[in-house]
Amino acid sequence: MKKIVKKVEVEVLTGLHIGAGNDALQIGGVDSSVIKDPVTLLPYIPGSSLKGKIRCLLETEGGYSELDDTINEYFGPTSDYLRRKKSNGDNYEQKPTRFIFRDLFLDDEDKQKFQMGEITTEFKTEIVIDRKKGTAKDGGLRTIERVPPSVKFKGEILIRVMDNDNEKDLIKVLEEGIELLNNDYLGGSGSRGYGAVKVKLID
């Protein structure tokens with residue numbers, strides 16, 4: 001088995017919200033905060049968020065399916081995929097997942113700007129409109145925390161190349177997924193303008 005490490009950069013183009021999952025809401029507080037590193041208290045992008053979005057886009061727009069052999073071998077088999085293999089009587093041997101997505105952290109320049117207070121997360125207040133009255137619904141006011149545009153995150157994607165794998169095929173599928181993501185969004189509320197990103201692999 002051969003291992004390849006690809007550097008990956010994510011540049012935020014419109015406010016990015018990957019939620020932290022607040023346990024409780026406070027009056028005057030933020031209804032949905034972004035996920036932050038518990039040590040530095042700075043925002044980051046979980047590798048699982050990037051991996052899950054790329055996989056989803058490949059399955060829905062990239063010509064693959066949820067039960068596709070390539071997707072399940074590269075990104076990891078789902079329970080449905082394993083059940084299908086078993087029900088078909090296939091002598092399926094599960095192998096290590098080919099793609100490992102590391103968490104992405106602020107690049108050095110932006111990390112310093114956050115620490116110096118030159119960059120901060122932004123807070124966007126949204127309302128839910130009562131369609132009949134044309135006014136805000138009771139309890140329809142919410143505040144969303146977002147990472148602002150121009151911020152860059154950097155991380156790594158580890159590619160495991162097994163003996164029977166074609167290295168070019170692995171990289172091709174990854175690049176296809178990244179291209180789809182660049183024409184979609186990352187995180188939540190993409191239909192409301194959030195999460196446009198520019199993702200690129202750095203050799």
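The residues lining the largest cavity split into 6 nonpolar, 1 polar and no charged. This comes from a predicted model, and the lining itself is made up of Leu16, His17, Ile18, Val34, Ile35, Tyr44 and Val147. As for volume, the largest cavity holds about 40 Å³ of space. Searching the whole structure turns up 1 cavity of 30 Å³ or more.

Turning to the helices, α1 spans residues 47–60 and α5 spans residues 167–182. The two pack with their axes 9 Å apart, at an angle of about 95 degrees. Angles of 65 to 115 degrees count as roughly perpendicular, and α1 and α5 are therefore roughly perpendicular to each other. On the α1 side, the contact is made by Leu50, Lys53, Ile54, Leu57 and Leu58. Facing them from α5 are Val173, Glu176, Gly177, Ile178, Leu180 and Leu181. Sorted by class, this contact of α1 with α5 comes out at 8 nonpolar, 1 polar and 2 charged residues.

Then there are the charged pairs. The count of salt bridges comes to 17, and one of them pairs Lys2 with Glu167. Here the closest N and O atoms sit 2.8 Å apart. Lys2 belongs to strand β1 (residues 2–12), whereas Glu167 lies in helix α5, so this pair ties together distant parts of the chain, 165 residues apart.

Methods. Residues numbered from 1 in each chain as written. Predicted model: local features only at pLDDT ≥ 70, side-chain atom pairs only at ≥ 80, totals over all residues. Heavy atoms only, no water. Axes fitted to C-alpha atoms, helices over the stretch in contact; angles between N-to-C directions. Helix = DSSP H or I, 4+ residues; strand = E, 2+ residues; numbered from the N terminus. Parallel < 35°, antiparallel > 145°, perpendicular 65-115°, else oblique. Contact = heavy atoms within 4.5 Å. Nonpolar A, V, L, I, M, F, W, Y, C, P; charged D, E, K, R; others polar. 1 Å grid on protein atoms, 1.4 Å probe; cavity = no way out; pocket = protein on both sides within 12 Å on 5 of 7 lines; lining within 4 Å. Points joined across faces, edges and corners; volume = space filled by probe spheres on them. Salt bridge = Lys/Arg side-chain N within 4 Å of Asp/Glu carboxyl O.
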